[in-house]
Amino acid sequence: LQASDTDLRLGSVIRLMKAKADGAARRGMYLMAYDARNEKSAWALVHDDSRFDPGSWDKAGWTVEAGNAPGTYRLKKTVTDGAAKAGMYLMAHDARNEVS
């Protein structure tokens with residue numbers, strides 16, 4: 001799936017694929033969330049399509065919701081996969097190191 005602005009509609013389910021290679025994260029990997037970080041969160045990571053059995057692409061799905069500010073969006077996990085429960089939101093916080 002390659003989304004354009006017209007594909008990003010509230011309520012749509014999208015998959016986010018890496019468009020450019022960067023170190024070990026190859027082009028074509030998908031954003032996933034499934035390994036437990038703690039009891040309330042899971043790690044987000046990119047994974048190639050070998051993670052998916054036929055018919056299980058919904059595990060890479062994120063539902064588009066309106067953000068708090070105009071023109072912003074939130075991404076919500078569509079289905080439960082391991083520790084990442086359906087309904088969890090994609091967030092970024094807490095520095096891992098100086099550059100990430």
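Me: Why is Lys59 called partly exposed?

Reply: Buried means under 20% relative accessible area, exposed means over 50%, and partly exposed is in between (1.4 Å probe, protein chains only). Lys59 has a relative accessible area of 23%, so Lys59 is partly exposed. This is a predicted model, in which local features need pLDDT of at least 70, side-chain atom pairs count only at pLDDT 80 or more, and totals for chains, interfaces and linings use all residues. Residues are numbered from 1 along each chain as its sequence is written, and side-chain values use heavy atoms, leaving out hydrogens and water.

Me: Where does Lys59 lie?

Reply: Lys59 is in the loop between β3 (41–47) and β4. Strands (E, at least two residues) are DSSP runs, numbered from the N terminus.

Me: What makes β4 largely enclosed by the rest of the structure?

Reply: Four of the five residues of β4 are buried, so β4 is largely enclosed.

Me: How do you know that β4 and β5 pair?

Reply: Two strands pair if DSSP finds at least two bridges between them. β4 and β5 (residues 73–77) have five bridges, in the antiparallel sense, so they pair.

Me: Which residues does Ala33 touch?

Reply: Contact means heavy atoms within 4.5 Å. Not counting residues up to four places away in sequence, Ala33 touches Trp43, Ala44, Trp62, Lys77, Asp81 and Ala84.
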